[in-house]
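Trainee: I have a new structure to look at, and I would like to learn how to read it. Could we go through it together?

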Amino acid sequence: LVQEPPHNSISDKMLSRVKIPLRQVLRNKVVWLIAILLLLHTFFTYAWYGWTPALLIFKGATPEFAGLLTSVTAWVGIPAFFLMPRISYKLRVRRPFLWVPAILLALVAWLAIYVDLPMIWLLMAVVGVAEATQFTTLMALPAEMMPKEEVGRASGLILSIGYIGAIIGPLICGRIWDLTGSLNISLLVLTAISIPAVAMPFWLEETGRKAKGKK
């Protein structure tokens, strides 16, 4: 249903022939900031999804109920994927949509150690909203912050680095489970990796205000 954009300007034709050296993209600190933020995000997300059922069973849930509770994160996240970017663009700010979710994720991971099963669904819902908000904001940043001729390579690099967290997060938490027989230390690890994600957005330019200023 999407129409092809017009390619009738000289700048568009010149841009299609521009080859940006990879080393130029690698020297851009914005790329590394976004990539590390995405790595922290995927570390938390995939470890949470992977090991929450085991945590819930440890708290007394049946396997079926543990799976149902875990799915709350995804079900709540679906509308958040649509709503939070709209709110961000309406408010014309981006950084709060990175550091506020990071604070919520840190708190949820810590509280999950102590919260009893009847209240765990609330934590699942908070994680769903926070993860969706953080992810959609991170996906928008390369297009907003990078020169247009670098967006393609920068986005590929960010995704390649960022999704390393999807591999190491569940592995680390699983190894901790093997060694200790508990996921409490893993939850503290998730709390710890969320703390840098609170501070790092402040090193990024506020693209929302910049866009507002231009208008």
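Mentor: Gladly! Let us begin with a loop: arginine 92 lies between helix 4 and helix 5. Keep in mind that this is a predicted model.

Trainee: What is the phi of arginine 92 near?

Mentor: Most residues other than glycine have a negative phi. Arginine 92 is a residue other than glycine, yet its phi is positive. The value is near 65 degrees.

Trainee: Is arginine 92 buried, partly exposed or exposed?

Mentor: Look at its relative accessible area, which is 29%. Buried would need a value under 20%, and exposed a value over 50%. Arginine 92 is therefore partly exposed.

Trainee: Which element has the highest mean pLDDT?

Mentor: The chain averages a pLDDT of 89, and 89% of the residues score at least 70. Among the elements, helix 1 (residues 10-16) has the lowest mean, 52. At the other end, with a mean of 97, is helix 5.

Trainee: How are helix 4 and helix 6 oriented to each other?

Mentor: Two packed helices are described by the angle between their axes and the distance between the axes. For helix 4 and helix 6 the angle is about 40 degrees, and the axes are 7 Å apart. Their crossing is right-handed. Angles under 35 degrees would count as roughly parallel and 65 to 115 as roughly perpendicular, so helix 4 and helix 6 are oblique.

Trainee: The structure holds 6 aromatic pairs. What kind of pair do phenylalanine 81 and phenylalanine 135 form?

Mentor: Their ring centres are 6.2 Å apart, with 85 degrees between the planes. The pair links distant parts of the chain, as phenylalanine 81 is in helix 4 and phenylalanine 135 is in helix 6, 54 residues apart. An angle over 60 degrees puts a pair in one class, so this one is edge-to-face.

Trainee: Which ring does the charged end of arginine 94 sit over?

Mentor: Look for a ring whose centre is 4.0 Å from that charged end. The ring belongs to tyrosine 89.

Trainee: Last one: what share of the residues in the chain is buried?

Mentor: Start from the 215 residues in the chain. Residues with under 20% relative accessible area count as buried. Their share is 43%.

Terms used
Residues are numbered from 1 along each chain as its sequence is written. This is a predicted model: local features need pLDDT of at least 70, side-chain atom pairs count only at pLDDT 80 or more; totals for chains, interfaces and linings use all residues. Side-chain values use heavy atoms; hydrogens and water are left out. Rings of Phe, Tyr and Trp (its six-membered ring) pair if their centres lie within 6.5 Å; planes under 30 degrees apart count as stacked, over 60 as edge-to-face and the rest as tilted. Helices (H or I, at least four residues) and strands (E, at least two) are DSSP runs, numbered from the N terminus. A charge sits over a ring if NZ of Lys or CZ of Arg is within 6 Å of the ring centre and within 35 degrees of the ring normal. pLDDT is the predictor's confidence in each residue, from 0 to 100. Axes are lines fitted to C-alpha atoms, for helices over the stretch in contact, and angles run from 0 to 180 degrees between N-to-C directions. Angles under 35 degrees count as roughly parallel, over 145 as roughly antiparallel, 65 to 115 as roughly perpendicular and the rest as oblique. A crossing is left-handed if the near helix is turned anticlockwise from the far one by less than a right angle, and right-handed if clockwise. Buried means under 20% relative accessible area, exposed over 50%, partly exposed in between (1.4 Å probe, protein chains only).
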